[in-house]
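Biologist: Before we turn to the model itself, I would like to learn how one reads its features in a careful way. Could we take them one at a time?

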Amino acid sequence: MKKVGLLGGTFNPPHIGHLIMANEVKYALQLDEVRLMPTSIPPHKADPSDATPEHRLRMVELAVSGIPGLSASSFEVDRGGISYTFETIKAMKEQEPDTDFHFIIGGDMIDMLPNWYKIDELMKIVKFVGVGRPGTEGKTHYPITMVQIPEIDLSSTLIRNRLQTGGTIQFLVPEKIGTYIRQEELYGIRSADNRA
């Protein structure tokens, strides 16, 4: 069985915290690869910015390019609509029956698990992997493999706020992401700005 990690999220934009999480779990659990999979329309939050699903997928592709064992998955963006993890994993298992999927979530998502769509059925078809995040409990009665990683208090919201208030995001996102944000004029940035 191929062991594949899935790290879902809005990636709005992707940042070094996402890459650290994916890489640490890959090595801790000896996974063959970890796929970063942007949602099309997330069920838990409205998209507050002007980054389309295609923009977010492209940024993830740029973020993981050249990193062994990390890849971008267009699965949910290609499917479109609201991205429910249960429907996604069910469809992926049908396409790849010989793959053992490990779904990676942060402490904030662990706290919300009881509210997830078809969570009990989901637990039967995928292994959950949890990583701590600052300011979250990360405790649940659901069976989750916890992986200790260096915790960085960094979020996509912080990065968008930095961009919108003229702050720097250097070292918080891969350089290629900053360049892309400028080129595409995302998050209210003009291409002439040097903030990204």
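Modeller: Let us begin with a single side chain, keeping in mind that this is a predicted model.

Biologist: How should I read a pair of aromatic rings?

Modeller: A pair of aromatic rings is described by the distance of the centres and the angle of the planes. By the rule applied here, the count comes to 5 aromatic pairs. In one of them, the rings of Y84 and Y117 have their centres 4.5 Å apart and their planes at 40°, and the pair is therefore tilted. Y84 lies in the loop between helix 3 and helix 4, while Y117 lies in the loop between helix 5 and helix 6, so this pair ties together parts that are 33 residues apart in sequence. Y84 and Y117 also form one aromatic cluster together with F86.

Biologist: What geometry does the pair of F103 and W116 have?

Modeller: The pair of F103 and W116 is edge-to-face, with 6.1 Å from centre to centre and 85° between the planes. F103 sits in strand 4 and W116 in the loop between helix 5 and helix 6, so that this pair links distant parts of the chain, 13 residues apart. Both F103 and W116 are buried.

Biologist: And how does one read the packing of two helices?

Modeller: Two packed helices are described by the angle between their axes and the distance between the axes. Here helix 2, residues 53-64, and helix 8, residues 175-184, pack at an angle of about 150°, with their axes 9 Å apart. Angles over 145 degrees count as roughly antiparallel, and helix 2 and helix 8 are therefore roughly antiparallel to each other. Helix 2 passes helix 8 in a right-handed crossing.

Biologist: Which residues of helix 2 and helix 8 meet?

Modeller: From helix 2, H55, R58, M59, L62 and A63 meet K176, I177, Y180, I181 and E184 of helix 8. The residues of this contact divide into 6 nonpolar, 1 polar and 3 charged.

Biologist: How many helices and strands does the protein have?

Modeller: The protein has 8 helices and 6 strands, and from the N terminus on its elements run β-α-β-α-β-α-α-β-α-α-β-β-α-α.

Terms used:
Residues numbered from 1 in each chain as written. Predicted model: local features only at pLDDT ≥ 70, side-chain atom pairs only at ≥ 80, totals over all residues. Heavy atoms only, no water. Axes fitted to C-alpha atoms, helices over the stretch in contact; angles between N-to-C directions. Helix = DSSP H or I, 4+ residues; strand = E, 2+ residues; numbered from the N terminus. Parallel < 35°, antiparallel > 145°, perpendicular 65-115°, else oblique. Left-handed = near helix turned anticlockwise from the far one by under 90°. Contact = heavy atoms within 4.5 Å. Nonpolar A, V, L, I, M, F, W, Y, C, P; charged D, E, K, R; others polar. Phe/Tyr/Trp six-rings, centres within 6.5 Å; stacked < 30°, edge-to-face > 60°. Buried < 20%, exposed > 50% of the residue type's maximum accessible area, 1.4 Å probe, protein only.
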